[in-house]
Amino acid sequence: MIEADAFEVRIARWPEDSLAIREVREAVFVVEQRVAAKLEWDGLDEECTHALALTADGIPVGTGRLAPDGKIGRMAVLREYRGRGIGEAILKCLLDVVRDRNLPRCYLHSQTHALGFYTRHGFVAHGPEFDEADIPHREMVLEADA
Ligand SMILES: CC(C)(COP(=O)(O)OP(=O)(O)OC[C@H]1O[C@@H](n2cnc3c(N)ncnc32)[C@H](O)[C@@H]1OP(=O)(O)O)[C@@H](O)C(=O)NCCC(=O)NCCS
């Protein structure tokens, strides 16, 4: 469990926490970023490990997920809670799982505006920019021995 100021970031329980996770992703991706709901709810959530950020009052404010193949994704913090280290705490929580599982590498598709956020945690961008849900992305990789 990671404390970021008055926030708790922990591995989510599934399916108990699925509504809280859904609420955050609906606000960030579907409403704010206008990602099509059918792309957002891709059917892979059940097989993923999820991190969940909560305020001291238990309000869900951020989330992210790790797929069995080492793909990190769906990193989201409610707009009004950004810039306080919650995204970083979520990423660290998921990277702890990557280490615990001895995965040799993990990777993600970063929206290009967030490249700096992931670079700070050791991810390296590879290959060309591409569109996903009509948003420009690049693949980024973090090798275990990096
Ligand atoms: C990306 C996201 C999850 C980061 O969450 P956050 O809680 O704001 O992150 P943190 O507060 O831990 O940010 C850590 C640092 O990264 C920077 N940062 C965060 N988001 C950034 C962005 N989009 N572009 C550039 N820098 C960013 C912050 O300024 C902060 O830097 P600082 O500590 O020097 O001030 C959040 O911005 C978000 O939900 N964005 C909308 C959804 C999205 O784009 N998800 C990523 C898909 S790849």
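**Exercise 1.** In this predicted model, find which residues Ala20 touches, leaving out residues up to four places away in sequence.

*Solution.* 
Step 1. Locate Ala20. Its place is in helix α1, residues 18-32.
Step 2. Set aside residues up to four places away in sequence.
Step 3. Read off the contacts: Ala20 touches Leu52 and Pro60.

**Exercise 2.** Decide whether Ala20 is buried or exposed.

*Solution.* 
Step 1. Count the other C-beta atoms within 10 Å of Ala20. There are 20.
Step 2. Recall the cut-off: a residue is buried if 20 or more other C-beta atoms lie within 10 Å of its own.
Step 3. Ala20 has 20, so Ala20 is buried.

**Exercise 3.** Where does Val9 lie, and is Val9 buried or exposed?

*Solution.* 
Step 1. Val9 belongs to strand β2, which covers residues 7-11.
Step 2. Within 10 Å of Val9 there are 26 other C-beta atoms, so Val9 is buried.

**Exercise 4.** Describe the shell around the ligand: how many residues surround the ligand, which elements each supply at least two, and how many residues fall in each class?

*Solution.* 
Step 1. The ligand is surrounded by 17 residues. The closest are Val77, Arg82, Ile86, Gly87 and Glu88.
Step 2. At least two shell residues come from each of β5 (71-77), α3 (86-100), β6 (105-111) and α4 (115-119).
Step 3. Sort the shell by class: 7 nonpolar, 7 polar and 3 charged residues.

Key
Residues are numbered from 1 along each chain as its sequence is written. This is a predicted model: local features need pLDDT of at least 70, side-chain atom pairs count only at pLDDT 80 or more; totals for chains, interfaces and linings use all residues. A residue is near a molecule or strand if its C-beta atom, placed from the backbone, lies within 6 Å of it. Helices (H or I, at least four residues) and strands (E, at least two) are DSSP runs, numbered from the N terminus. Ala, Val, Leu, Ile, Met, Phe, Trp, Tyr, Cys and Pro count as nonpolar, Asp, Glu, Lys and Arg as charged, and the others, Gly among them, as polar. A residue is buried if 20 or more other C-beta atoms lie within 10 Å of its own, exposed if 12 or fewer, and partly exposed in between; C-beta atoms are placed from the backbone. Two residues are in contact if their C-beta atoms, placed from the backbone, lie within 7 Å.
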